[in-house]
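Grab a pencil and work through these exercises one at a time. Try each task before you read its solution.

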Amino acid sequence: MSSKENKSYRKGANRERKIKKMLEDRGHEVFRVAGSKGLIDLVVLDQRGNVYLVQVVSVSAGRKRIETYKKKLCEKYAGKMFYVMLVIYFSEKKIETYTLFADGRWERTPWITKIEGDGKN
């Protein structure tokens, strides 16, 4: 792994850890798929027993890459017995979350609205 790839991996892993901690702080059980080259970064079990498969992607990756993730997640997981979330990381203070529905449609959802730290949300 080149130093550029290693730096990129570390940045992505740190973002995944931040999202993981936020979800754990809200009472969810979260498992990180460390070192994964696949579509899923986190597996989340919420307090009601719902399972979420989560992909964390940085907006700096570009909208084309984000759309590619949406397409691949839809092809693989639409209609399954769990929820699929795409978390788009904009900055230390802003993220967006989208949910994949069984019919293949993506909808922006307020599952996580921003990075924790100010006690709001």
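Before you start, one term: two parts are in contact when heavy atoms lie within 4.5 Å. Also keep in mind that this is a predicted model.

**Exercise 1.** Work out what helix H2 lies across, and at what angle it runs to S4.

*Solution.* Step one: find helix H2 at residues 63-77. Step two: look at what sits against H2, and you get strand S3 (51-58), strand S4 (83-89), S5 and S6. Step three: compare directions, and H2 turns out to run at about 170 degrees to S4.

**Exercise 2.** Describe the sheet: in which order do the strands come, and which strands are at the edges?

*Solution.* Start with a reminder: strands of a sheet pair through backbone hydrogen bonds, either parallel or antiparallel. Now go along the sheet: six strands come in the order S1-S2-S3-S4-S5-S6, the sheet is open, and its pairing is mixed. Strand S1 (29-32) and strand S6 (106-109) each pair on one side only, so they are the edge strands. On average, neighbouring strands are turned by 25 degrees against each other, ignoring direction.

Zoom in on one pairing next. S5 (residues 95-100) and S6 run antiparallel and are joined by four bridges. Take Thr99 as an example: its bridge partner in S6 is Glu107.

**Exercise 3.** Find the aromatic pair and decide whether it is stacked, tilted or edge-to-face.

*Solution.* A search of the whole structure turns up one aromatic pair. Its members are Tyr52 and Tyr83, with 4.9 Å from centre to centre and 20 degrees between the planes. Planes under 30 degrees apart count as stacked, so this pair is stacked. Tyr52 belongs to strand S3 and Tyr83 to strand S4, 31 residues apart, so to speak a link between distant parts of the chain.

Tyr52 has 8%, so Tyr52 counts as buried, while Tyr83, with 37%, is partly exposed.

**Exercise 4.** Explore the largest nonpolar core: which members touch the most others?

*Solution.* This core has 14 residues, and Leu73, Tyr77, Leu86 and Trp106 touch the most other members. S3, H2, S4 and S5 are the elements that give two or more residues to it, and H2 has the largest share, with four residues. Follow Leu73 as a check: leaving aside neighbours within four places in sequence, its contacts include Leu39, Val84, Leu86, Leu100 and Trp106. Another core, of 13 residues, lies apart from this one, and Tyr52 and Val56 are among its members.

How values were computed. Residues are numbered from 1 along each chain as its sequence is written. This is a predicted model: local features need pLDDT of at least 70, side-chain atom pairs count only at pLDDT 80 or more; totals for chains, interfaces and linings use all residues. Side-chain values use heavy atoms; hydrogens and water are left out. Two strands pair if DSSP finds at least two bridges between them. Axes are lines fitted to C-alpha atoms, for helices over the stretch in contact, and angles run from 0 to 180 degrees between N-to-C directions. Rings of Phe, Tyr and Trp (its six-membered ring) pair if their centres lie within 6.5 Å; planes under 30 degrees apart count as stacked, over 60 as edge-to-face and the rest as tilted. Buried means under 20% relative accessible area, exposed over 50%, partly exposed in between (1.4 Å probe, protein chains only). A nonpolar core is a set of buried Ala, Val, Leu, Ile, Met, Phe, Trp, Tyr and Cys residues joined through side-chain atoms within 4.5 Å.
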